[in-house]
Amino acid sequence: MTNVPLPPAHYVVGVDFGTLSGRAVVVRVHDGAEVGSGTFDYPHAVLADALPGSRVPLGIDWALQVPDDYRQVLRHAVPAALRDAGIDPADVVGIGTDFTACTMVPTLADGTPLNEVPAYADRPHAYVKLWRHHAAQPQADRINRLAAGRGEGWLARYGGLVSSEWEFAKGLQLLEEDPELYAAMDHWVEAADWIVWQLTGRYVRNACTAGYKGMYQDGQYPSADFLAALNPAFAGFVAEKVEHRIGRLGEAAGTLSAEAAAWTGLPEGIAVAVGNVDAHVTAPAARAVAPGVMTAIMGTSTCHVMNGAGLREVPGMCGAVDGGILDGLWGYEAGQSGVGDIFGWFVNNGVPPRYHDDAAARGLGLHEHLTELAAEQAIGQHGLIALDWHSGNRSVLVDHELSGLVVGQTLATKPEDTYRALLEATAFGTRTIIEAFNASGVPVTGFVAAGGLPKNRLLMQIYADVTGLPVQTIGSTQAPALGSAIHAAVAAGAYPDVQSAADAMGATPADVYQPIAENVAAYDGLFTEYTALHDYFGRGTNRVMHRLKAIQRRVSGPGAAAPAAATGAAVPA
């Protein structure tokens with residue numbers, strides 16, 4: 001759209017679709033002030049065990065969602081944000097959205113998700129495959145072997161390894177496990193683009209996910225010849241299921257339809273920005289788009305994004321995409337597939353009742369209670385090292401057959417010891433990523449933390465001490481939604497580009513955590529031990545984690561024998 005100056009009374013809406021909920025913010029165009037917000041939790045959350053109303057179990061490492069939960073965010077969170085802002089909806093000039101990625105929706109030609117077709121409602125592959133659906137690891141392994149063997153040039157852009165989380169591995173799994181459903185599918189759609197389709201009635205792919213998750217490089221996808229070598233029936237995957245017009249970040253994908261206007265309470269016809277990824281929209285929200293400044297969006301997982309002036313090959317990164325974050329720069333992405341999820345898993349499963357009672361008596365949540373106890377410890381006092389692979393490893397090993405590990409536990413180990421070791425493990429994982437970038441000629445000179453986890457002050461200090469970098473948090477609790485609002489302002493013509501919109505609307509810094517010299521030295525020693533474990537279990541010396549996963553699949557998969565009945569025999573003293 002043409003750049004048209006707007007008066008200060010105009011607003012935009014940003015909507016962030018996360019793993020468990022959607023969040024909407026109303027943002028003033030001229031200065032980025034967040035004037036209202038609303039949240040809606042997905043009624044079905046994540047489907048990891050069975051489909052809704054079904055007892056048929058899903059497989060190991062499955063993670064599905066129900067697409068109508070996303071529409072409900074538009075129906076509930078956006079109107080709530082408007083009410084909270086107390087503004088006239090007629091003053092809203094645009095809406096932008098961001099999504100988890102790679103989260104995939106199989107649809108008919110008109111965008112109807114296959115799970116909403118009655119004949120397919122009981123088919124797991126008809127549902128959304130969430131980013132953390134890791135059951136396509138065997139397909140990813142085949143893609144990697146074939147690409148490496150053929151010398152495919154695009155593989156280096158992804159650090160030499162393609163993830164099971166991405167479009168092609170998940171699509172190949174769908175084909176091979178439910179070929180009838182694959183044939184019925186007209187489009188294999190990123191959720192980031194599907195929600196824009198719902199808002200506008202137009203399907204436009206976004207440049208961000210096409211590049212990072214769809215392996216779109218230098219104007220093309222992997223060839224039909226390559227796909228046929230994976231599976232002859234997969235040869236037409238790109239041409240028949242994936243390929244579509246690609247919109248640049250900050251462009252308008254279309255305008256708000258009458259139906260979506262009724263859902264949201266927004267004016268019909270306002271600009272709708274091209275879709276985007278939650279992590280990548282956060283860099284402009286944090287005003288962290290200069291080359292070398294890494295933005296870590298820290299929630300259930302962590303995604304690390306950073307601009308660079310040129311193209312370099314970084315082992316184990318999630319992609320280097322020209323204009324993937326900001327036009328004119330190479331956008332780099334890396335990530336950790338489990339961070340907040342790991343802390344939550346431990347709190348939900350590894351803490352005895354006494355700690356729950358003590359936290360309640362102090363009026364604290366369990367995370368806050370454990371954090372306070374952990375903060376009293378000297379570095380290394382717990383005697384533990386953990387590997388942060390409870391949801392596999394995204395970067396730099398790109399292997400979701402790996403699993404979590406804690407070394408050093410004794411009968412004296414307390415919950416706060418393990419909790420702190422898990423906090424530290426995620427910081428070690430981030431340092432591993434930073435060192436991979438530094439060693440590859442893409443220096444990391446600054447670190448900005450966004451998302452929900454930076455409110456944990458101990459965690460932020462640990463990250464500063466482990467990385468040796470000052471850690472800056474940002475003055476927005478809804479940074480991805482703010483980033484989407486910034487893109488909406490550009491789509492509406494209020495600013496000529498994302499850079500200028502970010503300069504005007506981006507959040508100011510909140511806190512800066514400086515590394516403490518003696519802590520940095522202490523963590524250097526522990527990081528050496530972490531790296532030894534990382535390489536021993538992650539680089540092929542001992543593949544016990546892979547073998548255990550194979551045993552788990554064999555025992556738990558379809559057709560597995562039922563457990564033998566207990567004999568009632570006495571156990572010898």
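Predicted model: local features only at pLDDT ≥ 70, side-chain atom pairs only at ≥ 80, totals over all residues.
Cysteine 102 sits in the loop between strand 5 (92-99) and strand 6 (104-107). Residues are numbered from 1 along each chain as its sequence is written, and side-chain values use heavy atoms, with hydrogens and water left out. Helices (H or I, at least four residues) and strands (E, at least two) are DSSP runs, numbered from the N terminus.

**Other backbone points**

- Valine 396 is placed in the loop between strand 17 (385-387) and strand 18 (405-407).
- Methionine 215 is a residue other than glycine with a positive phi, near 55 degrees.
- The loop that holds methionine 215 runs between helix 6 (207-212) and helix 7 (224-230).

- Six strands make an open sheet of mixed pairing, in the order 3-2-1-5-12-11; two strands pair if DSSP finds at least two bridges between them.
- At the edges are strand 3 (34-41) and strand 11 (252-255), each of which pairs on one side only.
- From one strand to the next, the twist averages 20 degrees; axes are lines fitted to C-alpha atoms, for helices over the stretch in contact, and angles run from 0 to 180 degrees between N-to-C directions.
- Three bridges link strand 11 and strand 12 (residues 271-273) in the antiparallel sense.
- Opposite threonine 255 stands alanine 271 of strand 12.

- Strand 14 (residues 302-308) and strand 16 (residues 330-336) are antiparallel partners over seven bridges.
- Cysteine 303 has glycine 335, in strand 16, as its bridge partner.

**Helix 12 and helix 13**

- Helix 12 (residues 353-361) packs against helix 13 at an angle of about 95 degrees, and their axes are 9 Å apart.
- That angle makes helix 12 roughly perpendicular to helix 13, a label for angles of 65 to 115 degrees.
- Tyr355, His356, Asp358 and Ala359 of helix 12 meet Leu366, His369, Leu370 and Leu373 of helix 13.
- Five nonpolar, two polar and one charged residue make up this contact; Ala, Val, Leu, Ile, Met, Phe, Trp, Tyr, Cys and Pro count as nonpolar, Asp, Glu, Lys and Arg as charged, and the others, Gly among them, as polar.

**Pockets**

- The volume of the largest pocket is about 1200 Å³.
- On a 1 Å grid over the protein atoms alone, a pocket is an open set of points with protein on both sides within 12 Å along at least five of seven lines, and lining residues have an atom within 4 Å of a point.
- Grid points are joined across faces, edges and corners, and a volume is the space filled by probe spheres set on the points.
- The largest pocket is lined by 45 residues, and Met298, Gly299, Thr300, Gly452 and Leu453 are the closest to its centre.
- Elements that each supply at least two residues of this lining include strand 2 (21-28), helix 10 (278-285) and helix 15 (457-467).
- The lining of the largest pocket has 16 nonpolar, 18 polar and 11 charged residues.
- The second largest pocket holds about 760 Å³ of space.
- Among the 29 residues that line the second largest pocket, Asp61, His134, His390, Ser391 and Lys549 lie nearest its centre.
- Helix 19 gives the largest share of that lining, four residues.

**Cavity**

- The structure has one cavity of 30 Å³ or more, a cavity being a set of points where a 1.4 Å probe fits but cannot get out.
- The largest cavity has a volume of about 40 Å³.
- Residues lining the largest cavity include Gln336, Asp388, Trp389, Arg394, Ser395 and Tyr530.
- By class, this lining has two nonpolar, seven polar and two charged residues.

Technical notes
Parallel < 35°, antiparallel > 145°, perpendicular 65-115°, else oblique. Contact = heavy atoms within 4.5 Å.
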